[in-house]
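Okay, everyone, can we get the model up on the screen? I'll talk you through where to look and where to be careful.

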Amino acid sequence: QIMGKFGVKTDTAKSGVEAIDLVNRAIDEHRKYDVIFLDWHIPEMDGIEIAKRINPKIDNNTAIIMISISEWSELEEHARSVGINRYIPKPLFPSSILNAINEVVGHTMQKLDIKSSHKKEKPNFAGANILLVDDVAINREILIAFLEGTNINIESAENGRQAVDKFKKEPDKYDLIVMDIHMPEMDGYEATRAIRALGTEKSTNIPIVAMTANAFKEDVEKCLENGMNDHLAKPIDKEQVIQKLTIYLSKSAPQEEHLADYCENKEIEKVHVEETPVAAPVVETVVVEAAVSAAATAASGIESFLPYIDVKEMEHRLSDNMDIYPELLNIFLQNEMIEELKQEFANGNRDAAKGLAHALKGIMGNLSLSEAYKKAVEVDSKFKAGTEQQKDIDEFEKTISTTKEYIHKLIEFYENNPSIKC
């Protein structure tokens with residue numbers, strides 16, 4: 001399905017034997033595959049063995065990409081010895097697949113613009129390159145979706161250390177850095193200080209925009225003190241992202257004064273919603289009737305997922321990229337951070353549990369999972385105050401569990417009403 005969106009002609013195989021047969025058939029027909037994706041765990045014949053058998057047969061320009069949930073460090077030496085060129089971790093995202101293809105094929109593919117009509121005119125950031133730094137894949141995918149169709153080039157890093165290493169290696173490559181604050185190994189503040197400390201003209205002047213679930217005035221001022229130029233508050237708003245990029249990717253954009261003026265002259269409003277969320281009415285049951293008309297479904301069906309999922313809010317934030325929402329929700333269903341939070345808290349690792357609670361707050365907000373976001377704000381605040389208790393974690397887990405039940409129903413709703421999400 002992902003390849004179909006990219007307009008890539010694709011053959012599929014369910015086993016190693018079938019994959020080898022497809023390669024042999026292509027050779028007999030005097031054609032070749034540009035890229036071969038191999039899953040690591042395949043019954044009877046794993047991805048390494050398949051690569052070992054097909055590598056002698058294929059053209060030198062054919063790339064083999066491994067897909068696995070395992071760590072690449074565990075596989076790399078053996079994988080490269082049998083001709084595997086690259087690795088993509090699961091779960092799979094459209095952007096990671098596209099980036100891998102671009103890298104191994106050597107030219108840029110254009111994403112299919114699924115919704116070519118009835119959409120606002122998008123800015124054109126052609127030629128601009130940004131480094132997106134966030135340890136949570138879902139958050140990265142949402143921002144990438146916001147910028148789809150703007151012709152901007154986005155490269156990702158999963159923590160501050162990776163970001164610093166990428167910038168040091170190719171400083172002239174990037175025009176702007178979007179930096180999450182709370183990350184493992186090296187947080188956004190430390191990464192920004194490290195980049196500024198390089199002392200070059202580029203490291204001194206490149207705009208760095210902070211991204212965090214905290215939006216108090218003192219938080220924004222802390223961003224400024226650590227060398228950042230501006231701030232994006234989670235949940236991320238598409239219009240706000242476009243506005244910031246327009247400011248800083250303009251040749252005449254102010255590089256230092258913008259955030260200082262913002263701190264001095266403007267009170268930040270979003271934080272009050274985050275820290276004192278308004279209670280919503282409880283919905284006990286949800287019934288999705290396939291026979292209901294599309295208009296009636298759009299009017300009442302979507303609202304029936306409140307207070308757990310605020311679909312209308314997400315529609316406002318994703319606008320013409322709403323097609324990615326069910327995919328993001330499916331990825332969230334695989335998320336096990338609440339289990340990790342419980343385990344860390346039970347083991348007495350308070351700092352790790354606090355970091356996970358904060359990360360979950362950002363995810364819930366970015367996906368418009370209202371009830372879970374409200375509970376995440378509460379738990380995050382208690383961790384900051386040092387008043388968290390086991391019952392808070394248990395209640396948070398219960399809210400997430402109920403939210404996942406609603407997500408399953410919403411995905412089924414979209415499947416039964418495909419015109420609604422489009």
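Where pLDDT is low, the predicted coordinates should not be read in detail. Over the protein, the mean pLDDT is 78, and 77% of residues reach 70 or more.

Ground rules, quickly. This is a predicted model, so local features need pLDDT of at least 70 and side-chain atom pairs count only at pLDDT 80 or more, while totals for chains, interfaces and linings use all residues. Residues are numbered from 1 along each chain as its sequence is written, and side-chain values use heavy atoms, with hydrogens and water left out.

Helices (H or I, at least four residues) and strands (E, at least two) are DSSP runs, numbered from the N terminus. Two strands pair if DSSP finds at least two bridges between them.

Now the sheet of three strands: it's open, ordered β1-β2-β3, with parallel pairing. At the edges sit β1 (35-39) and β3 (86-89), each pairing on one side only. The twist averages 25 degrees from one strand to the next; angles here run from 0 to 180 degrees between N-to-C directions, and axes are lines fitted to C-alpha atoms, for helices over the stretch in contact. Five bridges hold β1 in parallel pairing with β2 (residues 63-68), and Phe37 has Ile65 in β2 as its bridge partner. Helix α3 (residues 47-54) packs on this sheet, touching β1 and β2, and its direction makes about 150 degrees with that of β1.

Strand β4 (residues 129-133) runs parallel to β5, joined by five bridges, and Asn129 stands opposite Asn153. In the loop between β8 (230-233) and α11 (238-249) is Pro235, and the peptide bond joining Lys234 to Pro235 is cis, with omega about 0 degrees.

Last stop, helix packing. What angle do α18 and α19 cross at? Roughly 150 degrees, with the axes of α18 and α19 (residues 370-385) coming within 9 Å. That makes α18 roughly antiparallel to α19, since angles over 145 count as roughly antiparallel, under 35 as roughly parallel, 65 to 115 as roughly perpendicular and the rest as oblique.

And α6 (residues 137-146) packs with α18 (residues 350-366) at about 35 degrees, their axes 9 Å apart. There, Ile138, Asn139 and Ile142 in α6 meet Gly362, Ile363 and Asn366 in α18.

Conventions:
Contact = heavy atoms within 4.5 Å. pLDDT = per-residue confidence, 0-100.
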